[in-house]
Amino acid sequence: MDGDPAERLADRDALRLRVETLPLFAGLAPATLAAVADELEWLSIPGGAALFEAGEPPDALYLVLAGALGVYAPGDPPRLLGRVAAGESVGEMGLLSGRARTATVRALRDSDLACLPRPAFERLVRQHPDATLRFAQLVARRLETVDRHAAPGPRTFTLLPQSLEVDVGQFATELVAALSRHGRTELVWSVRGADHTSDWFHRVESMNDYVVYVADPTATAWSRLCVRQADDWLLLARAEAAPGAWPQLPPDPAALTGRAELLLLHDEAVLPGAAARWLDALACPGLPHHHFVDGTDVERLARLLTGRAVGLVLSGGGARGFAHVGVIRALREAGLAIDLVGGTSMGAVMGAAVAAGWSGAEMVERFRRSFTVSNPLNDYTLPVVSLVSGRKVTGLLRHAFGDVAIEDLRLPFYAVSSNLTTGLGSVHRRGELWRWLRASIAIPGVLPPVFHGGEVYVDGGAINNLPVDVMREAGRGPVIGVDVGHDRAFTSDIQDVDLPPLWKLVGWFRRHRERPTILQILMRSGMVNSAAVTRARRTQTDWLLTPPLADVDLLAWRAFDRAVETGYRHALESIERLEPVLRARLSGSTAEPGEPGSARTAGSPDPGTGRRASAP
């Protein structure tokens, strides 16, 4: 960026005024402020550059005047711990302790800093006791807060069109309109932003809740600046195009400091296989990706980017899982958008239907036909691996979902299974949907495991029956958990240890109808191991729904309508009791009534008037 910070802030009175605005020095005596201003050195660093590395000796305290820094834990790759925003400081802990730096700090975007070198710092603490007290108070606050540089989420986004064929202008306009419902948003194009200094960008970002930068489709200086300026890179491409690199990005995207997300534009419906082609070409299998068919997808992206997306997590529970259908119906009727879905076992199956865009009527019709017309667990076989062959369940899943891949679902989705090879839970976000749903419901001893890639997968409920932790780690917004497996599975009034001889079994079973069957025992046993984990997961939800299903047996497939109605009524009653603040969060709203966000455009024609909007 043009301009020298030392020249722009050469006047010592102006410098002192800048220092007074920083929280670290607010309220200090004028003489102390003047001393601080005299000692400060000004510097600019470009986005992506390291300020200092973990293990280096502490040499200075740094104050962020414009821009933002990222704090990274050492590792391969480094893990972003948090952000240091304008007005905050970094490096003071090392100066006071004398120990080597414990983290690496890099510029998240082009930034202006004020540096207080170690000799100057030591002079200040000797000569100005009030400054010493202020530094001590700052360190105490740092020690009280573990995530001391944690930020509420990304605020600046750069749209990177993959080629000239991408209509980035139309998409940018729609995205800004969607973001403006959550806060003041500005759109910045090259025509105004390219010739400005970091101070200008700092003012634009300070005056808005969100800023959307639009890069050129080629590797121009403006594109490189946009890449440095963003918290989040939005990689925009046509789904049907041949996958290729983004010319605006450096050769090693892993060296970048932000978070990238793949945005695929479709015409009328999601193009099967497009996500896999692009993700494989990028060599980033875990890269978040989103499909765009109509305006609802852009609205959802805005909620995802701003941390206002609603994640729905559905537990396993056999036939009790039908209650999820009723809960989903109630949520939709209440106008609560579901933006991400995850689940285990029957919860994964129900969640996949939501992610696939099934209507409520479609869910009821398909699941009733699949599970109640014919018992899905009656294709018994020689019990070498399992009691049933599994062919019937596999056929039902393949008929219901076809050859759809998880990455082609309209909503982000994951299914959880238990990996017997590793002893850990597995989260499935890619691959054949029917296969990983089959793995997620493979109740040990009842259904055969799924063998894939040299590993063995069974029902996710064996390890994690309510995988709220997976949704919470995404950090996209509030999480709704629906636990249908919490009620007692069955009881028995039998006082017995052993079964009678084989020739007495028929008459014995007639007299002891309360004894659970082997199917019931195996199903419940597959969930018991994760009971303690589930209790912990329930505390991680923002809103927990627990439909009363004690009267619905785990194998009561013909109780479909009763379970659906129970889930529906329970959800309706819970919605009525929601606190206003939580309801606002679940609705994707944070603004007070009558305070909508607004959209501004810097350097682009106003879509309504053709005029250019003003900017700082």
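Modeller: A definition to begin with: contact means heavy atoms within 4.5 Å. This is a predicted model, where local features need pLDDT of at least 70 and side-chain atom pairs count only at pLDDT 80 or more, while totals for chains, interfaces and linings use all residues. Residues are numbered from 1 along each chain as its sequence is written, and side-chain values use heavy atoms, with hydrogens and water left out.

Biologist: Fine. Which residues is alanine 66 in contact with, leaving aside its neighbours within four places in sequence?

Modeller: Ala86, Asp110, Ser111, Asp112, Ser198, Asp199 and His202. For Ala86, 20 residues along the chain from alanine 66, the two C-alpha atoms are 5.2 Å apart. Alanine 66 itself belongs to strand 3, residues 60-66. Strands here are DSSP runs of E with at least two residues, helices are runs of H or I with at least four, and both are numbered from the N terminus.

Biologist: Is alanine 66 buried or exposed, and how do you know?

Modeller: Buried means under 20% relative accessible area, exposed means over 50%, and partly exposed is in between (1.4 Å probe, protein chains only). Alanine 66 has 0%, so it is buried.

Biologist: What makes the link between the side chains of aspartate 112 and serine 44 a polar contact?

Modeller: The distance is 2.6 Å. A polar contact is a pair of N or O atoms within 3.5 Å; within protein, one must be able to donate a hydrogen and the other to accept it, and residues adjacent in sequence count only if both atoms are side-chain atoms.

Biologist: Why does threonine 197 get the label it has?

Modeller: Its relative accessible area is 21%, so threonine 197 is partly exposed. The residue lies in the loop between helix 8 (190-193) and helix 9 (198-206).

Biologist: What makes you say helix 14 is mostly covered?

Modeller: Ten of its ten residues, 346-355, are buried. Met346, Val349 and Met350 are among them.

Biologist: What is worth noting about the phi of serine 345?

Modeller: Serine 345 has a positive phi, about 55°, though it is not a glycine. Most residues other than glycine have a negative phi. Serine 345 has 8% relative accessibility, so it counts as buried. After helix 14 comes glycine 357, also with a positive phi, near 85°.

Biologist: How do helix 13 and helix 15 run relative to each other, and how do you know?

Modeller: Helix 13 (residues 323-333) and helix 15 (residues 360-371) pack at about 170°, with axes 10 Å apart. Those axes are lines fitted to C-alpha atoms over the stretch in contact, and angles run from 0 to 180 degrees between N-to-C directions. Under 35 degrees counts as roughly parallel, over 145 as roughly antiparallel, 65 to 115 as roughly perpendicular, and the rest as oblique. The two helices are therefore roughly antiparallel.

Biologist: Which residues make that contact?

Modeller: Helix 13 brings Val325, Ile328 and Arg332, while helix 15 brings Gly360, Met363, Val364 and Phe367.
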